[in-house]
Amino acid sequence: MASSSKGLPRRGGSALQKIAQKKEHVKQLPRVKKIERISMYLSCQYGACSCQGWRPPASQETLRLSDTCRSCRHPLENHCIPIKEQSDEQLDRILMVVFDMDNISLQARSEREDIDLRKNYNLLFHFLKKNMLQPRIPPLVHDKIGTPPFERPTITKAITNFVAYKFNNLPQAEWQMMYDLAKMFLYCFNHWKLETPTNHAHSSATDDHKVYKENYTRWICFCHVPVFCESLQKFDTTHAFGRTLLSSVFLVLRRQLMERFTSEQEKMIPEKRNLILNHFPRFLNILEAEIFSTSSPIWREDFTTGGDVVAAPSPAGSSFAPSPSSAAGLAGPLSVGPASVGPGSVGTRDYPNPSSFRASYVIPSPASVNVMPSPGQAHFTSPQISMSGEAADSPFHISPHQSKGGRSQPNYDTSSLDVGPMPKRPKIEGQDSFQVASDILQTVTDPRAMLGPETGFFDEQVSRDHTAKHEERNGIICFQLLHNSIKVKPHDDHLIWLLELKQMFSRQLPRMPVDYITRIVFDTKHYSLALMKEKRVIGGICFRPFVQQSFAEIVFCAVAANEHLKGYGTHMMNNLKDYCIRHSLLHLLTYADSTAIGYFKKQGFSKDIKLPRPHFVGYIKSYEGALLMECELNPKIPYTHLSDIIKKQKTIVHQLIERKQAEIRKVHPGLSCFRERGGAKRLELKDIPGILETGWKPSGEDPRTSYQIELESDIERLGEALSNVLTELKDHPISRPFHDPVNEAQAPNYYSIIKFPMDLNTVSERLASRYYNCLRLFISDMKWIFNNCRLYNEKGTELYKMANQFEKFFINKMKSSGLWYDINA
Amino acid sequence: MSKAKRGGKVSAHSSHQSFSRGGGGGASVEISPTITNMLEELKQLVKKTQEERTKGESTILTINKTHDKMKQEVRISPYFKQKLVGLYTNALADAKNEVGMLDQALNKLAEIKQEVGEKKARSTAIPRNIEDVTKRTGTMRRGMLMTVLQQYALEQPVWRGKPGENPPPLCGCTPAEDKYKCQPEDQVAARVNTDTNEDEQWILAVVVSYNSHYHRYIVDDIDEEGHIEKKQYQVSKRRVIPLPTWKADPSTTPQALFKPGQKVLALYPQTTCFYPAVIHEQPKTVEAEYSVLFEDNTYFEGYSPPLDVPQRYVLPMRETRRRQAQ
């Protein structure tokens, strides 16, 4: 058999082809020859003969069953009893097993220096020998080795999660690219030869060698040897292993892959070259961060989509990655527990072999929103949007489901393989709504469909951080986590950037003393997220994480003056939020001075502090003249993608509404019940024809009190009660400006701004004409008075304040008369 | 005698810029048939221009060859003289044709811009719904305004004159004439008191009207966020500086650029205010921006680090009376 310098067949096609050729050749042998070969592994059945296997006589031209064994002197007949009667087909099958056994023993003999490895081969050899006569070789079961998958989630699943978690919100084309890269990564991993434990011990000092050795044994038995021994069941590395293996080999794998790609770049087609040399390293960097992050959601078994991530609380203080370069990735043994082995019955599953891996992945990609791809296989199960029920607990819940139509193809969907059947979700719209959603998404994400003449440019619905995100994707800006440290000398670049950051803060925050800023920025307990453009710091947030208290305090936050209004502030804060979630810091606190309050409000901060006081009192200093503000983080939300997700959700909902409307387009004749003599005075909303058909449902409870309901039935009494309130309102000194209709001479353009003018005298007239047959009408008219005033006059003006004051007075009066209820409820 | 030279290739420069920002709400505005037709015409014009150019190319080649041959001779023979005169006449005619085509293309471009501009105005004039009006009073978010201002600067036309012609007023650094009146909707720099407590500031504003009796403008602050009504100011003519109408092309009209070291008023990046600054570097191409140093005494040197400002927002310095008094 073909063997490379190390004795192992190269995984390239040629070696495998040779094996296949030889097998073909062996199959062509005459029956008796076949029997002979198999008999070599069959013990002699003659009496109490202890001979283990047939040895052909020294020189033999033609072989007969009566020939005697060289070692025990009994004829071949006695050796071949179990197979003598087998059909040719069966014989061929057993022959193949024998052929594989030959290969393995050859292999074992070539592994002289590594005893453990030889043991592995021997183990496989004996396993095959034991089972060679079985009609089917059972899956290898061994107490020490276990059965795949050895760990959950598997690497395939984790990478799937990773793509879903990190890239779901990218535009279609970019998502596709990341998806392809993920696929490529898995493919390469499956065809990559693991380092031997000895080599591994040399290359990485920190790992647990025992664990690696164990994994290596497993890999040999389930992934490596089966490639050339078809009688053994083959597993893909990425399907069999999980986090432990990936984290122990990632750095080596990455280095070797990149070296190989770089050396082979001349041969690649340009597109592929671009993909691999430009994007693959970036992909690997992002992946690295997730692999070595203790709280990354991609390793969660119950991971479903990018949105549905609950960060596991990491052991306090364990994992605050100081900076990307200072060993965040290399440091620390990750929780390498005993690999969790799933309960049996796993081995019988069919795993895709490498060739099907290459199969085309036709995805009618709606995927760029929140649909989880399954890189392992070609067919993409149609995702479904759950619109209710479950949707409540996770607003971004779109997950793949098996399609209704049964597919003849075995389902290799990794998510269902590794996690078991997905929990059933209530179907609301089912397939249809998915169809709609995917249609819509295709339009939204298709650049051609959305390309109008310059309209996009002036589109006011563009989110604040849109430009910033775009720039980050194109590499114009990037983020850098900076941190000064005494234990590990920070990178020189980082120190320079910290200095630049300090300069930027002191320029943008002139009221802060420079030495104070310097002290904080270079303090080892403080971290800074710096925004970089052309290798210069143009913005940053300096914060201090309190890991055990699970909050972070923002100390400084600024963007260089000439880079304002580009959405950098929002994007920076969102990045910080995502970062904090990754490190289980679920509250952001800050003392905002008067100029910063507006910014923090836009970023979701409020002065309403949700974190219990004992958690932060004594930990952070309070400042005179500054307002403590807090933003509570929801670990289910990927903040940097939030605006995109919401925008897409909005689009989908709008389109769904439009389609629904198109379906039930129907014109009802106008209401006539009011026109008719002695007609109805009042009509419930639900009684208007067509209202219920649109899906509108009357709210369950009547917000009115029984007194109010009773009052409304008697228009005389209602009028009286309202009239009393109105008189009091008019008598109030503050009511002056609201008595009469607004004169446009005094208030220019009033009626072009105010479309529904109202005033107290008009209300009086309406009351007199018995217009108010229910409280709702009266209250809403009054509300127009206040709202109009606040709309036309600027905040802070005298009139604006008067409207507020007068409204309060009105509500109080109504309440004291028992007439108030919230008409919007 | 120098050799004949030519510029680079004609490219369909910015015939229809496309913006990759995704539109919102799935609503894309259709390109009207007129615009599509105009774009098609423009394409044809650009193609024809290139044809003209290729035609002229051979003449120029012959001219250059003739020059080379002539160099080898000791004395210039009348034959060559004659030949060159003929060739140059031809080349000149070719060039004129080409210029004619380019002119036509540029005019078409202007037409398209106008058409698109009108469409835009029409579509933005209608408020989408009452909720929008009440909630946001139809104003543009500041960040968006900045992008739009950048876009205006990018779209500003370049002045093209006949050879030897001097750039007109409001081209590059050339100031407006004294009697110049800004038209309504023109963008200007206006010196106003934005806040009673603060010093006066040069702000970017839009002209509403002009009172020729009192020589006063009424202008709107271009930054309208946070106001229900636009902030309006009445300012005397002296306190208004029009923005340049044309960009100056550094390769053809360098005299219409501010010189390094010259004091100017420049729009501080990402704001709507003009501040005194000193020209650091001139733009090298039509698309490039000035690099200026803003006066800023928080810096040790008294100036900010160099910042880029487009030609449209760099104006000649105008000392106000109050400043002079100081």
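1. Leu692(A) sits in the loop of chain A between helix H23 (642-663) and helix H24 (706-712). Helices here are DSSP runs of H or I with at least four residues, strands are E runs of at least two, and both are numbered from the N terminus. Leu692(A) counts as partly exposed because its relative accessibility is 46%; the cut-offs are under 20% for buried, over 50% for exposed and partly exposed in between, with a 1.4 Å probe and protein chains only.

2. Before going on: this is a predicted model, where local features need pLDDT of at least 70, side-chain atom pairs count only at pLDDT 80 or more, and totals for chains, interfaces and linings use all residues. Side-chain values use heavy atoms, with hydrogens and water left out, residues are numbered from 1 along each chain as its sequence is written, and chains are lettered from A and ligands numbered from 1 in the order in which they are written.

3. Together with Leu685(A) and Trp696(A), Leu692(A) makes a nonpolar surface patch of about 270 Å².

4. Helix H12 (residues 243-264) of chain A has a length check worth a glance. With 22 residues at 1.5 Å each, H12 should span 32 Å, and its end C-alpha atoms are 29 Å apart, which agrees; the expected span is 1.5 Å times one less than the number of residues. H12(A) also bends by about 55° at Phe250(A), the bend being the angle between axes fitted to the seven residues ending there and the seven starting there.

5. Ser105(A) belongs to helix H5 (residues 88-110) of chain A. With 16% relative accessibility, Ser105(A) counts as buried. Its side chain reaches the backbone oxygen of Asp102(A) at 2.9 Å.

6. Over in chain B, Thr62(B) is part of helix H1 (residues 33-72), and at 30% relative accessibility Thr62(B) counts as partly exposed. The side chain of Thr62(B) reaches the backbone oxygen of Ser58(B) at 2.6 Å. Thr62(B) and Leu84(B) are 22 residues apart along the chain, with their C-alpha atoms separated by 9.1 Å.

7. Have a look at two positive phi values too. Glu534(A), not a glycine, has a phi of about 50°; Glu534(A) lies in the loop between strand S4 (527-533) and strand S5 (536-546) of chain A and counts as exposed at 70% relative accessibility. Asn749(A), also not a glycine, has a positive phi near 65°. Its loop runs between helix H25 (715-731) and helix H26 (750-753) of chain A, and Asn749(A) counts as partly exposed at 41% relative accessibility.

Methods: Patches are made of residues with over 30% relative accessible area and no salt bridge: like charges are joined within 9 Å, nonpolar side chains (Val, Leu, Ile, Met, Phe, Trp, Tyr) within 5 Å. Accessible areas come from the Shrake-Rupley method with a 1.4 Å probe; for residues, only the protein chains shown count as cover. A salt bridge is a side-chain nitrogen of Lys or Arg within 4 Å of a carboxyl oxygen of Asp or Glu. A polar contact is a pair of N or O atoms within 3.5 Å; within protein, one must be able to donate a hydrogen and the other to accept it, and residues adjacent in sequence count only if both atoms are side-chain atoms.
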